[in-house]
Amino acid sequence: MSTAAPALLLASQSPRRRAMLAELGFAFDTAAADIDETPQPGETGPDFAKRMAETKARALARPGMVVLAADTDVTLDDVILGKPRDRAHGLDMLRALSGRSHHVHSAVAVIHETVMETIQTTTRVDMGEIAPAEAEAYWASGEPADKAGGYAIQGYAARWVRRIDGSLSGVIGLPMVETVELLGRFGVLPQQVAAA
């Protein structure tokens, strides 16, 4: 007799993360974790992503449920860029990233009862030159407004990405291979696998 897998809660209202988790075949509910997302003084990109993912997971932990939380941040010269505060900040980010390499750090935390595990990925992204007029048009599109680092690699900004070294899905916001492996450790499987 098989035991039913615990219910899964995604601690995010991100449309990208919801779509990615659904594409992997998981059934889940969603809820947003209301936490302070301010980096601490001297905190590195990987440490910040890990702390945010774990804090989100703990904030929504509840008995009998597996909670999955993720966080993605972008660093340039080891400085965490965050999300654009406004148009000027967004254009400054694009100017800074133009023609340079930066790193994208993703962390995924899963908690069930009192057990929590976290995985992380770091991906190097090499950007081509972004002309000022292109940056202006990109900001006007609305796409970069709520994105870490001020761009979406799966959207219009893909035209500037020369090379990545690491996890594309991690840059988008949910490293898929690592997420499936991590959920599997908690007995949560994609529906098509669980039904087989």
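**Exercise 1. Describe the aromatic cluster that ring pairs form from Tyr138, Tyr156 and Trp160.**

This is a predicted model, in which local features need pLDDT of at least 70 and side-chain atom pairs count only at pLDDT 80 or more, while totals for chains, interfaces and linings use all residues. Residues are numbered from 1 along each chain as its sequence is written, and side-chain values use heavy atoms, with hydrogens and water left out.

Step 1. Rings of Phe, Tyr and Trp (its six-membered ring) pair if their centres lie within 6.5 Å; planes under 30 degrees apart are stacked, over 60 edge-to-face, the rest tilted. Searching the whole structure gives 3 aromatic pairs.

Step 2. Tyrosine 138 and tryptophan 160 have ring centres 5.3 Å apart and planes at 85 degrees, so this pair is edge-to-face. It links distant parts of the chain, 22 residues apart: tyrosine 138 is in helix α4 (residues 132-141), tryptophan 160 in the loop between α4 and β7 (161-165). Helices (H or I, at least four residues) and strands (E, at least two) are DSSP runs, numbered from the N terminus.

Step 3. For tyrosine 156 and tryptophan 160, the centres are 5.7 Å apart and the planes at 80 degrees, so this pair is also edge-to-face.

Step 4. Assign accessibility: buried is under 20% relative accessible area, exposed over 50%, partly exposed in between (1.4 Å probe, protein chains only). Tyrosine 138, at 0%, is buried; tryptophan 160, at 5%, is buried; tyrosine 156, at 38%, is partly exposed.

**Exercise 2. Which residues of helix α6 are buried, and against which elements do they pack?**

Step 1. Within α6 (residues 176-185), the buried residues are Thr179, Leu182 and Leu183.

Step 2. Viewed down the helix axis, these residues fall within an arc of 95 degrees (taken from the directions from the axis to the C-beta atoms), so they line one face of α6.

Step 3. Using contact as heavy atoms within 4.5 Å, their packing partners are β1 (7-10), α1 (15-23), β3 (65-76), β5 (101-112) and β6 (115-127).

Step 4. After α6 comes glycine 187, with a positive phi near 80 degrees.

**Exercise 3. Which residues have the most contacts inside the largest nonpolar core?**

Step 1. A nonpolar core is a set of buried Ala, Val, Leu, Ile, Met, Phe, Trp, Tyr and Cys residues joined through side-chain atoms within 4.5 Å.

Step 2. The largest has 40 residues, and Leu8, Leu21, Leu68, Tyr151 and Leu183 have the most contacts inside it. Strand β3 gives the most to this core, 5 residues.

Step 3. Leaving out residues up to four places away in sequence, leucine 8 touches, among others, Leu21, Phe26, Leu68, Leu183 and Val188.

Step 4. Another core, of 18 residues, lies apart from the largest one and includes Ala31, Ala49, Ala107 and Ala109.
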